[in-house]
Amino acid sequence: MQISYSQINTYQFCPHKYQLHSVEKIPVPPGGNLLLGSAVHAALKFLHDPGRLAEPTLEEVLDSYSRAWPEALHLSEEERSRLFAAGLDMLRRHYQREDREETGRRTATVEHPFRLPLKAEHTLMGRIDRVNVLEDGTIELVDYKTSRTLPAQNDIDNDRQLAIYRLAAERLLYPGRKITSSLYYLQHGLTFTANPAGDLTERVEEEIHWVIGNILAEEFSPRPKKASFCDYCEYHNYCQIFRPVAAEGENQSDMESLVRELAEISSILKDRNGEIKRHQARKGLLEKELLAWFKQMGTGCCQAGGVQAMADVIRRVSFPAEEVRKLLEPQGNWELIGEKLTVSKTALEELFRTRKLPPALQYQLLALGVATDKPTVKLRAVGQEDKEEDEV
Ligand code: SF4
């Protein structure tokens, strides 16, 4: 099969989204940020095209940007104006910076397409935003980013799109040449160069085959993200999770009463949650004060109103996400954990339960655990034995 980076990315984000987009080919209007990105990319292609005899003026670049914007009737006038102005601003700043900061780089080509043959007659397709040749002959692969959020160096080093560009450049487009790859953040005018691990391209190739294998096996389960992600998904209205179903007759009224009761209970719980959070904050302060008092008095417990309060410790074990990622990503299990700074033991145990990982890998993962102790205060009714104690 033929697959592109954006399809791989969509599949890894949510297999059901891939199904709706690439299998069922449901037409949906592109999001505003996608339109902005396409128009800015078109203007940069116009600006940096090495086949052009004279560099275009800023007005010509902005004009090509305006022409690349579609009607976009699905966007409100306000949203469209905001995005359009953001693109103008990015391009103006990029143009003004270009003369000074791009010395030592010569643009070899822009929007360079490739079709890289993979194992089992699959093909990886893509398009590199820009290819530069540096003064020492190194090939620089550049991907433009229009987002405002800047990445951490670790994210750049592991960027899948750059790794795919490298794979195509090393094997197909520039074999034997020294290759480097960079992300260029247009809103900030900053270039970040990746320092990928030596085996990243091999790991990415394995991931591509894992994705292809799942697509061919028609594994398209929805992977709902946090509500905020699914709310912005273009396929939200077609998604099997969010598509409203119409029941008839008695079923209809049963379903309606379930929805009403659920809404009522959720609203009560929402109010209670606020109350619980306030109580938890106060509980934390009281425990802190009591522990300070114990320390001052050189004791570990005290008693009042039939309740004994004792100094105690809660031990939590967490796992550094980056280390866990290195072990889980090659088998395609990292997606189930999600992007976090640390991974909880509960999340790992759930993974062991559902994915049947090899025991050696489970031991390796568990060995990464880091324990932290949090001082706390435990309560029990006076007169109860330890083993029968009841928390009050
Ligand atoms: S709404 Fe969420 S679960 Fe449904 S297709 Fe989109 S990302 Fe996947």
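Predicted model: local features only at pLDDT ≥ 70, side-chain atom pairs only at ≥ 80, totals over all residues.
Residues are numbered from 1 along each chain as its sequence is written. Local features require a pLDDT of at least 70, side-chain atom pairs count only at pLDDT 80 or more, and totals for chains, interfaces and linings use all residues.

**View 1. The loop between β2 and β3 holds Ala120 and Glu121.** The loop joins β2 (105-117) to β3 (123-134); strands are DSSP runs of E, at least two residues long, numbered from the N terminus. Phi is positive at Ala120, near 55°, and at Glu121, near 60°, each being a residue other than glycine. Ala120 counts as exposed because its relative accessibility is 61%, and Glu121 is exposed with a relative accessible area of 75%. Exposed means over 50% relative accessible area (1.4 Å probe, protein chains only).

**View 2. Strands β7 and β8 form a hairpin.** Strand β7 (residues 301-304) pairs with strand β8 (residues 307-320) in the antiparallel sense over four bridges; pairing requires that DSSP find at least two bridges between the strands. Ala304 stands opposite Val307 in β8. Two residues lie between the strands, and Gly305 in the turn has a positive phi of about 55°.

Conventions: Heavy atoms only, no water. Buried < 20%, exposed > 50% of the residue type's maximum accessible area, 1.4 Å probe, protein only.
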